[in-house]
Structures are given as structure tokens and as C-alpha cells.
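Here is a structure to read closely.

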Amino acid sequence: SRFKLARPYGVTHGRAGIEGTAQLIEKTREMIGAKADLMLDCWMAYDADYAVQMCEALRPYRMRWMEEMLMPHDWHGLRQVRQRVPWQTMASGEHWATRHSGIRAIEERLVDLIQADLHWIGGFTEAMKLAHIADAAAIPMCLHTGANNLYGQHWTFAMPNVSLIEMILMSPPGVPLEECYIGSPSAA
């Protein structure tokens, strides 16, 4: 089983945000068990120092990866985080507009997983070029919401270094997921 949560806090919340995130992750880990993968999508809400503090606070919960902690082209920050928390798996790439950002991240070994968005990176071919470069460097990819459309599904099955496919399921606040996705008239 694999579960990814969206970060509830950012830098503006200070230490309270780190503590609140740790409480959420602790509760989630208890719910899903020790063997399930748990990831956190940080949606570019951290700077390098806050990212390091967050990784250290979440270390006991064995995060499979921390995703997009910094702005997509904060190369200096990514290098700092990589040096200060080398044990934490880093994922990024959702907001890269071409393969060239990914190439830089690969060359500098700043990420452990590339999560390009098929539509935002420039399409099937641009993502494919990045996948082959990442594969040569032994860096896996997992498309951002790749399972949510046929293009992402086909791309995922065609690439050599993709063993995961991400599907996002969301519902409006207070509406259970099953009302939106499983056998409901509005899901049809």
C-alpha cells in the first residue's frame, strides 16, 4: 500500500507547522501500518532550512519520499537539502516546463525520483526524453497523476524506469471519496 498526503503547513507556520505535520504523519503511520509507503507532497511551501527541519522531524516515520519541498528551480536550496539530509529520498519535477530542468537535477544528483507532469513538461515526447536520460542515471520516474488519464497510463507502461503510477483521488471538503468515485450517480 502507498499513501501520499498534502502538506498542511508551510514556512509561515514556523515550528508549530513542523509539529503539526509530524502529528499528522504519526497518526497516518499508525493508521496505515509500518509496512505501507508514506509520502508527503510539500507543494513548494518550504525553504531549505524548513525542509531540513521537516525531514528531521519526520524521520521516525520512514517517509518513502518528500516531494517538491522547494520551488522547482531552487538549485542552491536543493543542494543544501541533499547535503544536510542525504538519507531522505527526494522527489521533484511536477512543475518543470521542459526536460532541461530534469537534466540538471539528474546531473547534479539532486533528486531520487522524478515526478514530471506529462502535460506541464511539454507532452509525451518531452517526458520520454527525460525518462531515457533518467534511466541512464538509474533514477526512476513516476508521472504526476499519470494514472488519471490515458496518455499518462500509456506513457508509464512504455518507459523503462517507471514502476509506479500515481492516481489522485479527491473530493470536496466533507464529501466521502466513495460518493465521488465508487458507484455513485455523480461519478458515472
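Q: Which residues is Asn 161 in contact with, leaving aside its neighbours within four places in sequence?
A: They are Ala 131, Ala 134, Asp 135, Ile 139, Pro 140 and Met 141. Contact means heavy atoms within 4.5 Å. This is a predicted model, so local features need pLDDT of at least 70, side-chain atom pairs count only at pLDDT 80 or more, and totals for chains, interfaces and linings use all residues. Residues are numbered from 1 along each chain as its sequence is written, and side-chain values use heavy atoms, with hydrogens and water left out.

Q: Where does Asn 161 lie?
A: Asn 161 lies in the loop between helix H6 (150-158) and helix H7 (177-181). Helices (H or I, at least four residues) and strands (E, at least two) are DSSP runs, numbered from the N terminus.

Q: Why is Asn 161 called buried?
A: Buried means under 20% relative accessible area, exposed over 50%, partly exposed in between (1.4 Å probe, protein chains only). Asn 161 has 9% relative accessibility, so Asn 161 counts as buried.

Q: Why does Ala 105 count as buried?
A: Ala 105 has 0% relative accessibility, so Ala 105 counts as buried. Ala 105 lies in helix H4 (residues 99-107). Not counting residues up to four places away in sequence, Ala 105 touches Trp 75, Trp 96, Leu 110 and Val 111.

Q: What makes Lys 4 and Glu 166 a salt bridge?
A: A salt bridge is a side-chain nitrogen of Lys or Arg within 4 Å of a carboxyl oxygen of Asp or Glu. Lys 4 and Glu 166 meet at 2.1 Å, N to O. Lys 4 lies in strand E1 and Glu 166 in the loop between H6 and H7, so the pair ties together parts that are 162 residues apart in sequence. Glu 166 is buried at 12%, while Lys 4 is partly exposed at 28%.

Q: How many salt bridges does this rule give?
A: The count comes to 10. One of them joins Asp 37 to Arg 2, with the closest N and O atoms 3.2 Å apart. Asp 37 lies in strand E2 and Arg 2 in strand E1, so the pair ties together parts that are 35 residues apart in sequence.

Q: What makes a space a cavity rather than a pocket?
A: On a 1 Å grid over the protein atoms alone, a cavity is a set of points where a 1.4 Å probe fits but cannot get out, and a pocket is an open set with protein on both sides within 12 Å along at least five of seven lines; lining residues have an atom within 4 Å of a point. The search finds 1 cavity of 30 Å³ or more. The largest cavity has a volume of about 60 Å³. The largest pocket holds about 720 Å³. Its lining has 26 residues, and Lys 4, Leu 5, Glu 166, Met 167 and Ile 168 lie nearest its centre.

Key: Points joined across faces, edges and corners; volume = space filled by probe spheres on them.
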